[in-house]
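Please read this short report with the structure open beside it. Follow each chain in turn, then look at where the chains touch.

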Amino acid sequence: MALLDVNKLSIHFGGVKAVQEVSFSIDAGIVYAVIGPNGAGKTTLFNLITGVYKPTSGEIRLDGESIGGKSPNELATRGVARTFQNLQICMNMSAIENVMVGAHLRLDRNLLKAALRLPTLTRRDAEMRVEAAELMRFVGLEKYIEARADAMPYGALKRLEIARALAMKPRLIFLDEPAAGLNPKETIEVDELIRKVADSGITVVLVEHDMKMVMNLSDRILVLDYGKKLAEGTGEEVRRNPDVIAAYLGAHA
Amino acid sequence: MQKRAYFGLYIVIAVLAVLPLVVPNSFYLDLAIRMAINAVIVLGLNLLIGFAGQISLGHAGFLGIGAYASAVLPTHFGWHPLLAMGAGAAITGLLAAVLARPIFKLKGQYLAMATLGLGIIINIAIRNEAAWTGGPDGMPVPAMGLMGFELTSDKHWYWVVALMLSVSVWASINLIDSPFGRALRALHGSEVASQVVGVDVVRYKVAIFVMSAVFASLMGSITAHYVGFVTPNLADFFHSIELVTMVVIGGMASVYGSLIGAVLLTALPQALATFEGWETVAFGAILMVCMIFMPKGLVPTLAAKFGKGD
């Protein structure tokens with residue numbers, strides 16, 4: 001059975017049908033890419049699956065359990081992590097604290113124990129800090145372990161989001177344009193990082209415009225256009241699909 | 001960050017310990033007590049406003065519930081003052097918890113309006129239930145006693161409040177640097193990011209709202225017993241605004257900013273008394289200048305200036 005099963009998923013904003021009857025499924029352990037021209041509904045699809053938007057109709061199943069309409073924090077308990085196209089970093093916190101927030105569900109969140117500074121809680125917190133530093137090294141942020149989030153450059157913040165998502169120990173991670181705004185060198189580094197994440201056994205779903213990266217990394221690709229599924233398959237299948245060629249090069253070609 | 005935060009706590013304790021030995025007369029001791037009471041309330045409010053990023057313009061209402069519970073229950077029903085104080089806190093906590101669910105679906109200005117309305121309703125209820133509360137004239141409050149020992153002198157009150165303040169500062173520092181505290185700050189920094197890592201944002205907003213309301217209620221009870229008399233002014237809109245101003249002037253999301261804000265704004269009206277008739281103008285002017293030149297509040301601005309961070 002597939003890890004994620006999406007069946008005839010749609011969302012309408014007033015008259016705008018941002019995603020229309022999109023169906024696909026993702027097997028555990030693969031890298032799955034969602035591509036399409038600007039405005040095709042890629043990020044909206046991410047927002048639907050990760051619970052930020054509620055679908056108008058259709059079904060989303062994670063491991064057979066229906067998760068459509070569940071809130072993001074409920075999905076987090078089921079091992080779904082994500083990053084954002086436009087950064088969502090907590091600038092009021094340090095870099096490592098941003099990563100530690102990612103481990104929210106793995107820590108003791110009791111208010112009273114925290115206020116009284118009980119040793120069990122602080123010990124676990126200290127361990128988490130070490131683990132968070134380890135994660136920052138894993139994503140290549142060893143330089144910024146002591147840094148404040150608002151003092152970090154854009155490219156580093158993109159990785160910080162990935163580190164935060166990994167701190168959840170997710171089964172499934174959604175990366176929304178992880179290479180957007182990065183220079184070619186940084187793009188290659190993020191490419192390698194995603195490969196490492198996938199190799200660690202986490203299923204990766206990726207929205208990306210950088211075709212080289214997509215073709216390089218993905219086991220399967222979903223192509224969206226005007227909110228509809230245009231094609232789905234391996235990189236080679238998608239590349240040869242006439243509809244995809246038309247959408248990317250113009251329908252009049 | 002942690003070590004420095006606890007260092008600040010030692011300074012606070014040292015100042016609190018030495019203060020009664022150096023104050024020249026009872027006027028200053030009274031001022032110190034009122035500063036400390038305000039500091040505890042402002043600390044709680046800063047957890048809500050500065051750390052969690054949620055506004056409340058009705059906190060004086062909660063203060064009023066605590067104060068009037070301590071006045072009404074012992075006077076009319078013969079309750080023990082400590083029991084009355086606990087009951088006030090429980091009522092406040094319950095009211096805050098029940099109302100917070102719908103209120104915290106709102107954001108920004110709408111949240112401000114809802115909390116403002118809540119505070120005003122509490123104030124009106126206190127003013128209108130004259131048979132119980134004495135209405136606009138207020139009512140006397142029986143003395144607080146502990147096992148036959150009555151808290152009457154300012155010295156006694158000072159030590160009670162100083163202890164409460166020290167414990168509050170310690171607990172606040174602990175809380176901020178815990179998974180709970182990080183979740184609060186994260187939902188302030190990016191609500192959607194905190195949600196996707198599993199923070200149930202409404203639950204956290206409600207929890208910190210209830211906690212800060214209970215802080216206010218407890219200190220309302222303390223104020224009532226200390227002053228020995230309560231009036232509805234304690235629970236009015238202007239007092240809510242005054243508390244928020246203390247948070248903002250001292251510094252949002254700063255524990256020690258809360259203390260400085262409370263100390264300064266409690267002292268300022270006294271210091272400006274010499275301006276005779278112009279003191280409110282001077283008060284307003286000082287607040288404006290502070291906000292123009294130090295929009296982040298006193299402590300964060302100064303901390304950044306001297307390269308220490310908070």
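Strand 1 (residues 4-13) of chain A runs antiparallel to strand 4 (residues 57-62) of chain A, and five bridges join them. Strands pair here if DSSP finds at least two bridges between them. A:Asn7 stands opposite A:Glu59 in strand 4 of chain A. Strand 4 of chain A is also joined by two bridges to strand 5 (residues 65-66) of chain A, again antiparallel. There, A:Leu62 has A:Glu65 in strand 5 of chain A as its bridge partner. Strands 4 and 5 of chain A form a hairpin with two residues between them. In its turn, A:Asp63 has a positive phi of about 55°.

This is a predicted model: local features need pLDDT of at least 70, side-chain atom pairs count only at pLDDT 80 or more, and totals for chains, interfaces and linings use all residues. Residues are numbered from 1 along each chain as its sequence is written, while chains are lettered from A and ligands numbered from 1 in the order in which they are written.

**The chains in outline**

Helices (H or I, at least four residues) and strands (E, at least two) are DSSP runs, numbered from the N terminus.

| Chain | Secondary structure | C-alpha box along the principal axes |
|---|---|---|
| A | ten helices, ten strands | roughly 65 × 40 × 35 Å |
| B | 14 helices, four strands | roughly 50 × 45 × 40 Å |

The radius of gyration is taken over C-alpha atoms, and the globule rule is 2.2 Å times the number of residues to the power 0.38. Chain B has 310 residues and a radius of gyration of 19 Å, which agrees with the value near 19 Å for a compact globule.

**The open sheet of chain A**

Which strands make up the open sheet of chain A, and in what order? The sheet has six strands in the order 6-7-8-3-9-10, with mixed pairing. Strand 6 (80-82) and strand 10 (228-233) of chain A stand at the edges. Each has a single partner strand, so one side of each is left without a neighbour in the sheet. Neighbouring strands of this sheet are turned by 15° against each other on average, direction ignored.

Strand 6 of chain A runs parallel to strand 7 (residues 172-176) of chain A, joined by three bridges. A:Val80 has A:Leu172 in strand 7 of chain A as its bridge partner. Helix 1 (residues 42-49) of chain A lies across strands 3, 6, 7, 8 and 9 of chain A, at about 150° to strand 7 of chain A. Helix 7 (residues 184-199) of chain A packs on the sheet too, touching strands 3, 7 and 8 of chain A. Its direction makes about 150° with that of strand 8 of chain A. Such angles run from 0 to 180 degrees between N-to-C directions, with axes fitted to C-alpha atoms, for helices over the stretch in contact.

**Two helices of chain B**

Helix 2 (residues 26-51) and helix 7 (residues 154-176) of chain B pack at about 20°, with their axes 9 Å apart. They are therefore roughly parallel to each other (angles under 35 degrees).

**Where the chains touch**

The contact takes 33 residues from chain A and 25 residues from chain B. Residues are in contact if their C-beta atoms, placed from the backbone, lie within 7 Å. Helices 2, 3, 4 and 5 of chain A each supply at least two residues of the side that touches chain B.

Terms used. Contact = placed C-beta atoms within 7 Å. Parallel < 35°, antiparallel > 145°, perpendicular 65-115°, else oblique.
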